[in-house]
Amino acid sequence: MIDRSLRTGDPIHDTIQKYSDMVYRLAFARTQNRFDAEDIYQDVFMKLFSEERSFESEEHKKAWLIKTTINMSVNLIKSAWRRYTVCENEDLSAKRGADTNPHREKLLNALKSLSEKYRVVLYLYYYEELSTDKIAEVTGASPTAVRSQLMRGRQKLRRMIEDKEVD
């Protein structure tokens, strides 16, 4: 356990402040469950700081956090415990950084209803502003597959939003 006092200027505090929303939202986008996302969030940061990793750059640290969050989410989703429990479904904005913009909230709700493969690439591309090559690197997909998922995901989102505006 880390027993350092976390204050502004402390590398641990600064890293958590900078990346906490990203890690939580990505975990939630993968698991669709607030409690699982919180567990993954804690595990990712505990792993980062307990192993005292060094990174070449902030971009390298961000990529490691994304990759670790995705891997921990996959491990949880595939776990026997997860297969035999009922998951609670919530908004992406449920916990951290709740959004008051109704258009953005509508988009997040539509994003939530997409399948995981589209949800993750759209989130990484638009919210984390990663390039398709970087998304491919952290997800293990090819850049062509990522671009295809982005295109199909955008089309599905557009149809979903247009259908809701007609209602």
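In these legends a residue is buried under 20% relative accessible area, exposed over 50% and partly exposed in between (1.4 Å probe, protein chains only). The model is predicted, with local features requiring pLDDT of at least 70 and side-chain atom pairs pLDDT 80 or more, whereas totals for chains, interfaces and linings use all residues. Residues are numbered from 1 along each chain as its sequence is written, and side-chain values use heavy atoms, without hydrogens or water.

**Figure 1. Overall fold of the chain, with 8 helices and 0 strands.**
Helices (DSSP H or I, at least four residues) and strands (E, at least two) are DSSP runs numbered from the N terminus. In sequence order the elements read α-α-α-α-α-α-α-α. Of the 167 residues in the chain, 42% are buried. Among contacts (heavy atoms within 4.5 Å) with a separation of 6 or more, 64% join residues 24 or more positions apart. The chain exposes about 9900 Å², of which carbon and sulfur atoms supply 48%; accessible areas follow the Shrake-Rupley method with a 1.4 Å probe, and for residues only the protein chains shown count as cover.

Beyond its neighbours within four places in sequence, Y118 is in contact with Q149, R152, G153 and K156. The C-alpha atoms of Y118 and M151 are separated by 9.1 Å, although the two residues lie 33 residues apart along the chain. When residues up to four places away in sequence are set aside, Q149 touches K117, Y118 and V121.

**Figure 2. Close-up of the positive surface patch formed by K117, R152, K156, R158 and R159.**
A patch groups residues with over 30% relative accessible area and no salt bridge, joining like charges within 9 Å and nonpolar side chains (Val, Leu, Ile, Met, Phe, Trp, Tyr) within 5 Å. Lys and Arg count as positive and Asp and Glu as negative, while His and the chain ends are not counted; each charge is placed at NZ of Lys, CZ of Arg, CG of Asp or CD of Glu. Helix α8, residues 143-166, gives the largest share of the patch, with 4 residues. R152 is found in this helix and is partly exposed, its relative accessible area being 41%. R152 and K156, both members of the patch, are also among the residues that Y118 contacts. K117, a further member of the patch, is one of the residues touched by Q149.

**Figure 3. Close-up of the salt bridges made by K134, one with E59 and one with E137.**
A salt bridge places a side-chain nitrogen of Lys or Arg within 4 Å of a carboxyl oxygen of Asp or Glu. The structure holds 7 salt bridges. In the pair K134 and E59, the closest N and O atoms are 3.6 Å apart. This pair links distant parts of the chain, with K134 in helix α7 (residues 132-139) and E59 in helix α3 (residues 58-78), 75 residues apart. K134 is buried at 16% relative accessible area, whereas E59 is exposed at 54%. The side chains of K134 and E137 also form a salt bridge, with an N to O distance of 3.5 Å. K134 and E137 are separated by about one helical turn because they are 3 residues apart in helix α7. E137 is exposed, with a relative accessible area of 52%. Elsewhere, salt bridges with shared partners join K18, E58 and K61 into one network.

**Figure 4. Close-up of the D133 and R147 salt bridge.**
The side chains of D133 and R147 meet at 4.0 Å, N to O. The pair connects distant parts of the chain: D133 belongs to helix α7 and R147 to helix α8, 14 residues apart. D133 is partly exposed, at 48% relative accessibility, and R147 is likewise partly exposed, at 41%.

Q32 has a positive phi of about 60 degrees although it is not a glycine. In general, most residues other than glycine have a negative phi. Q32 is buried, with 12% relative accessibility.
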